[in-house]
Amino acid sequence: MIVLGLDTSHYTNAVGVVEGDKILADFTYEAKSDSLEQIVANIESTLQNAGLTLKDVEGIGVGLGPGSWTGIRVGVTVGKMLAFSEGKPVAGVTTLEALAYAARNESPLICAVIGAGTGDAVYAALYRPENGAVGRIGEYYVGDVKGLTALLSGPAVLVGNGARKYADIVGREMGMNIKAVEALPGGASVASLASRRLTRGERDDVLALTPLYLKESTAKAFVNKYRSSHT
Amino acid sequence: MLILGIETSCDETSAALVADGRTILSSIIATQLDLLKKYGGVVPEIAARRHTELIGYVIKEALDTAGKTLDDIEAVAVTSRQGLIGCLLVGVAAAKSISYSKQVPLIGVHHIEGHIFANRLSHPDLPLPHVCLTVSGGHTMLLYVEADCQYELLGTTLDDAAGEAFDKIAKFLGLDFPGGPVIDKLSKQGDRKAFNFPRPMIRSRTLDFSFSGLKTSVINAFKDKVRRGEPLPLADIAASFQEAVVDVLVGKTMRAAEERGVTTVSVTGGVSANSRLRRVFEETCKRNKIDVFFPDLSLCTDNAAMIAAAGYARMMMGEVSDLSLNVFPNAPLEG
């Protein structure tokens with residue numbers, strides 16, 4: 001099964017193509033804050049470089065975030081509208097899972113970390129290697145990187161962009177050395193994880209596909225806080 | 001030529017199928033009225049999230065209603081200029097994906113050009129040249145329309161858009177959102193002459209508008225009543241405020257028509273749904289032997305049918321976009 005994967009949650013964006021366990025293309029490029037301009041043209045060129053067209057794609061994997069809110073809206077919209085237009089199945093993959101997948105051979109416990117915009121705030125989750133992929137343990141974490149000390153135990157490895165910096169902060173708090181794997185969300189990782197799921201017959205509802213924000217907009221958070229303190 | 005139009009520039013998620021730029025096969029508009037009422041206005045991040053959730057369903061609904069599939073589509077037109085950036089990009093991302101998948105042309109459309117073409121959907125033989133007043137919650141513009149897609153900007157608002165003034169006054173008076181229809185309805189029970197609010201810039205030599213001072217006047221009149229402990233004649237305030245806005249919009253448009261020597265006026269945009277504005281335009285134009293045209297009420301507020309119609313005109317001029325199409329929140333209207 002040929003699966004296209006895309007992720008636009010980061011300052012780098014990624015497009016990859018896999019067929020089963022074989023990576024046919026894996027392209028990561030700098031998009032900064034402008035995912036919209038390049039993503040569709042880069043899907044086309046990545047497929048071309050692999051000698052493929054969109055018609056050869058049998059399933060689509062979409063990075064859902066967390067990450068840049070604007071970025072994931074672009075990626076999720078492109079992923080679901082391509083799947084709808086092509087009549088192909090879609091599988092959403094969280095960006096944290098894609099990062100953990102990149103470190104699946106590094107440790108029995110993997111903590112995927114993505115910067116959450118301001119200061120040392122991060123999105124994170126724990127994973128363990130599972131049948132060649134990764135399985136999440138527990139809930140998603142949103143908060144200061146130091147709070148990861150409560151999540152981590154034993155020989156965990158931190159994976160993500162800036163993992164070294166985060167591992168140093170957490171390691172200092174815990175008084176131990178924490179291993180770090182620098183990685184960016186990869187298109188082929190997203191495609192591989194989606195491919196496993198689609199091959200098993202699991203698929204997401206194409207039109208219902210929604211980004212994983214993990215945080216409310218500030219306006220909503222403000223209104224909710226205001227309401228709860230005034231009722 | 002069957003065009004799929006997509007519009008997500010503000011708070012309506014909309015898709016439409018339009019044949020040859022004039023026949024609407026379907027026009028689906030998902031409003032975010034529930035969110036507007038909850039937050040008292042458009043919150044860009046929340047609106048963008050809602051667009052992302054709805055876009056696929058709205059496009060499918062437009063296809064199903066028209067009895068078509070994406071294979072029948074011959075081009076995709078999408079609002080790419082003027083609006084909230086996070087909202088615009090959802091529509092453009094969807095449009096690009098369909099254009100790439102179906103190998104059909106992609107046309108980026110300016111939102112205001114869409115409003116101009118809304119009136120062409122309702123009146124295919126709208127005479128040219130004419131003067132166009134396009135007025136909504138986001139803009140207030142007077143244009144000289146020489147031919148299709150050829151505009152000269154005659155005047156614009158220097159501060160609030162007229163529709164924005166309606167919204168802000170409604171909010172201040174404790175009325176519902178959006179303010180336009182609420183004030184229109186309430187005004188019917190009020191006295192238009194109860195308060196003599198200013199008609200800003202009505203005598204200025206330019207064709208520009210300003211509504212900020214009028215807004216302040218209304219708020220001051222309201223506060224004055226409160227201070228004196230007098231009853232608050234909300235309907236009178238609403239009617240008098242509305243009359244001031246209408247006088248300015250009609251007055252400036254008539255002057256533009258006179259200066260340009262045209263006998264046709266086109267009034268479009270969300271505020272063109274206002275019943276008092278339509279009435280005064282009709283009476284004034286009749287006296288001055290000018291023909292005035294308004295879009296059907298369903299085409300006044302933001303909709304994708306008008307984007308498809310404008311996209312068709314641009315395509316006929318050979319203007320298409322490529323897959324690198326981007327969004328420009330403050331782009332001027334060109335042509």
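**View 1. The two domains of chain B in the predicted model.** In this predicted model, chain B is split into domain 1, which covers 2-115 + 300-316, and domain 2, which covers 127-297. Taken over C-alpha atoms, the centres of domain 1 of chain B and domain 2 of chain B are separated by 27 Å. Their contact draws 11 residues from domain 1 of chain B and 19 residues from domain 2 of chain B.

**View 2. The side of domain 1 of chain B that touches domain 2 of chain B.** At least two residues of this side are supplied by each of α1 (33-39), α4 (111-122) and α10 (304-316) of chain B. Sorted by class, the residues of this side are five nonpolar, four polar and two charged.

**View 3. The two domains of chain A.** For chain A, the domain assignment gives domain 1 as 2-94 + 185-216 and domain 2 as 96-182, and the centres of these domains, taken over C-alpha atoms, are 23 Å apart. In the contact, 16 residues of domain 1 of chain A meet 12 residues of domain 2 of chain A. Helix α5 of chain A (residues 187-199) gives the most to the domain 1 side, with five residues, and that side comprises six nonpolar, seven polar and three charged residues.

**View 4. The contact between chain A and chain B.** Here 27 residues of chain A and 28 residues of chain B take part. On the side of chain A that touches chain B, α1 (35-49), α2 (69-86) and α6 (218-229) of chain A each provide at least two residues, and the largest share, 13 residues, belongs to α2(A). By class, this side of chain A holds 16 nonpolar, five polar and six charged residues.

Definitions and conventions
Residues are numbered from 1 along each chain as its sequence is written. Chains are lettered from A and ligands numbered from 1 in the order in which they are written. This is a predicted model: local features need pLDDT of at least 70, side-chain atom pairs count only at pLDDT 80 or more; totals for chains, interfaces and linings use all residues. Two residues are in contact if their C-beta atoms, placed from the backbone, lie within 7 Å. Helices (H or I, at least four residues) and strands (E, at least two) are DSSP runs, numbered from the N terminus. Ala, Val, Leu, Ile, Met, Phe, Trp, Tyr, Cys and Pro count as nonpolar, Asp, Glu, Lys and Arg as charged, and the others, Gly among them, as polar. Domain bounds come from an automatic or database domain assignment.
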